[in-house]
Amino acid sequence: MKRSWVVGVLVLFSACGQIGERKQPPPSLYELAQSDLNLSGEQLAKGYCGSCHLMPDPDILDQKTWARVLPDMRKRLGLYLEEDFGTPLPQDEGVPEGIYSNQPLISRENWVKIEEFYLQTAPEGPLPQAEKAEPKSGIPGFKLEIPEFDFIRPSLVTMLQIHPETGNLWLGHRFRALFELNSSQGFSQVDSIPTAVAPVEIRWKDSSNFQLLSMGLMDPANDSLGNWSDFSRQGASWKATPVFDQLIRPVHISIDDWNGDGREDYAVCHFGNHLGKFSLYLSQPEGHQEVILKKDPGARRSISTDWDGDGDLDLLVLMTQAKESVLLFENQGQGSFREKRLLEFHPAFGSSDFRWVDMDGDGLRDLVLVNGDNADQSQILKNYHGVRIFKNTGKGSFEESWFYPLHGASGLEVGDFDQDGKMDLFVIAFFPDSNQKPRQDLVYFHQENDGFQPYVLAPSPDMHWLTLTQGDLDGDGDQDLVVGAFDFNELYQAPKGNWRPFVILKNQLKP
């Protein structure tokens with residue numbers, strides 16, 4: 001038995017693809033650890049790193065950053081060295097059982113080979129961005145408005161959505177509150193609603209009922225404090241009734257009928273931290289049944305679509321964290337879905353958001369994706385952060401057709417904002433390069449005949465963007481943008497000025 005998997009290892013490492021792409025079943029990490037094969041650091045990296053996620057190339061990080069990241073990878077493989085003595089163990093920091101191995105899955109000698117492969121091959125410093133079109137100052141067709149309130153409150157916006165009928169702005173706040181603001185009267189406060197945890201999404205049913213998704217702790221945690229609740233007006237106040245609770249840091253919810261019974265089902269992205277999942281809650285005669293489609297952390301957004309044109313609904317899902325990918329869950333009926341990977345990225349890619357839109361007018365919807373999450377262990381400027389379009393080939397696959405480098409890209413809105421028949425983009429960056437001039441943390445990409453022309457605000461307010469939404473604030477038939485601020489400093493100290501939680505980009509298309 002041992003000889004068969006040793007031969008398999010040799011075949012796998014002599015191939016050029018990832019270990020997960022070979023037809024032979026890969027050996028377990030325990031079997032790799034027991035082998036006495038004389039493998040190179042690169043071959044070992046393909047086996048060990050590629051067994052969990054897409055193997056990262058050394059040039060995605062510089063040498064200094066690899067030196068910070070690699071020890072954690074080593075500990076996940078259960079290998080502890082003298083240098084670790086006196087440092088907290090994963091369980092001391094609340095990491096659940098099973099994330100870090102309790103037994104060594106790699107020898108010290110083999111680990112040194114992997115470490116030397118990355119440290120000796122990686123660049124000395126972060127690689128620079130590729131050449132790109134310089135953004136022009138001033139966003140054409142939009143007027144910048146910065147509402148300021150005559151009271152002090154931290155600018156910690158976790159949610160912005162525009163009511164499709166009233167045009168009022170609904171704002172979720174980190175400190176467990178939801179506000180309705182009157183867009184036609186200077187964003188005066190219509191209502192203030194306490195919430196159990198920070199709101200991230202809202203769905204209105206009528207003037208007296210809405211549903212709210214609250215994520216729990218924003219900071220990385222494995223808690224299950226999130227919930228999806230019904231809110232109903234009770235006189236001058238609101239009553240919250242949980243529909244689903246104990247959600248693991250949920251960040252997005254989709255609503256549709258995936259089992260075809262005429263009733264609403266829910267798809268919840270439990271982003272989590274070390275733990276997480278992507279779940280469907282399918283309607284039953286009484287209540288809903290949870291079906292876990294992916295048992296990994298990092299689910300960021302799901303999109304309901306009839307991918308294969310067979311009349312039932314499938315799901316596209318953006319997975320972030322280590323196993324970064326865009327997945328298709330194809331509906332097989334009876335609550336069963338078949339998973340297919342459409343796109344895959346390395347674990348430092350930083351996927352943040354995506355959309356499913358026909359960008360080039362060929363009748364096929366394309367994937368638009370931003371990647372720029374930079375909050376984990378490798379907090380350096382990354383030349384592969386930015387916004388991308390993956391063109392739909394019409395054959396069930398996608399090819400990258402456009403990339404604009406943008407440090408820390410984190411959110412986007414897509415639409416034909418000037419109504420010229422071509423789709424445009426707004427992109428925000430939560431982790432921008434503060435030294436870049438002009439400031440590139442909010443960029444409008446106007447689609448022209450020869451590509452996209454980027455524009456930035458001029459002047460640009462000194463604010464830190466976390467949220468972005470579009471909608472018709474003034475009822476004139478065009479789409480306005482609202483960009484929400486999240487000021488880290490105000491998490492730990494009192495704000496020093498009046499509340500400025502967001503800015504408005506008022507569309508000037510209609511007088």
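Helix H3 (residues 41-48) is largely enclosed by the rest of the structure, because six of its eight residues are buried. Those buried residues are Gly41, Leu44, Ala45, Lys46, Gly47 and Tyr48. Buried means under 20% relative accessible area, exposed means over 50%, and partly exposed lies in between, with a 1.4 Å probe and protein chains only. Helices (H or I, at least four residues) and strands (E, at least two) are DSSP runs, numbered from the N terminus.

The model is predicted: local features need pLDDT of at least 70 and side-chain atom pairs count only at pLDDT 80 or more, while totals for chains, interfaces and linings use all residues. Residues are numbered from 1 along each chain as its sequence is written, and side-chain values use heavy atoms, with hydrogens and water left out.

**Helix H4**

H4 has 14 residues and reaches 20 Å from its first C-alpha to its last, close to the 20 Å expected at 1.5 Å a residue. The expected span is 1.5 Å times one less than the number of residues in the helix. A kink of about 30° lies at Val69, shortly before the proline Pro71. The bend at a residue is the angle between axes fitted to the seven residues ending there and the seven starting there. Val69 is one of the buried residues of H4, together with Thr65, Trp66, Leu70, Asp72, Arg74 and Lys75.

**Salt bridges**

Side chains of opposite charge can pair when their charged atoms come close. A salt bridge is counted where a side-chain nitrogen of Lys or Arg is within 4 Å of a carboxyl oxygen of Asp or Glu. The count by this rule is 25 salt bridges.

| Pair | N to O distance |
|---|---|
| Asp72 and Arg76 | 3.1 Å |
| Lys75 and Asp84 | 3.9 Å |
| Lys422 and Asp420 | 3.5 Å |

How far apart in helix H4 are Asp72 and Arg76? They are four residues apart in H4 (residues 63-76), so about one helical turn separates them. Asp72 is buried at 13% relative accessibility, whereas Arg76 is partly exposed at 31%.

Is Lys75 buried or exposed? Lys75 has a relative accessible area of 17% and is buried.

**The cavity**

Rolling a probe the size of a water molecule over the atoms shows where empty space is left. On a 1 Å grid over the protein atoms alone, a cavity is a set of points where a 1.4 Å probe fits but cannot get out, and its lining residues have an atom within 4 Å of a point. Grid points are joined across faces, edges and corners, and a volume is the space filled by probe spheres set on the points.

The structure holds one cavity of 30 Å³ or more. The largest cavity has a volume of about 40 Å³. Which residues line the largest cavity? They are Asp59, Ile60, Leu61, Pro126, Leu127, Ile380, Leu381, Lys382, Asn383 and Tyr384. By class, this lining has seven nonpolar, one polar and two charged residues. Here Ala, Val, Leu, Ile, Met, Phe, Trp, Tyr, Cys and Pro count as nonpolar, Asp, Glu, Lys and Arg as charged, and the others, Gly among them, as polar.

**Backbone details**

A cis peptide bond joins Lys437 and Pro438, with omega about 0°. Pro438 is in the loop between strand S24 (424-429) and strand S25 (442-448). Another cis peptide bond joins Ala458 and Pro459, with omega about -5°. Pro459 is in the loop between strand S26 (451-456) and strand S27 (465-471).

Gln246 is not a glycine, yet has a positive phi of about 55°. Gln246 belongs to strand S10 (residues 237-247) and is exposed, at 60% relative accessibility. Gln419, also not a glycine, has a positive phi of about 55°. Gln419 lies in the loop between strand S23 (409-415) and S24, and is partly exposed at 43% relative accessibility.

Technical notes: 1 Å grid on protein atoms, 1.4 Å probe; cavity = no way out; pocket = protein on both sides within 12 Å on 5 of 7 lines; lining within 4 Å.
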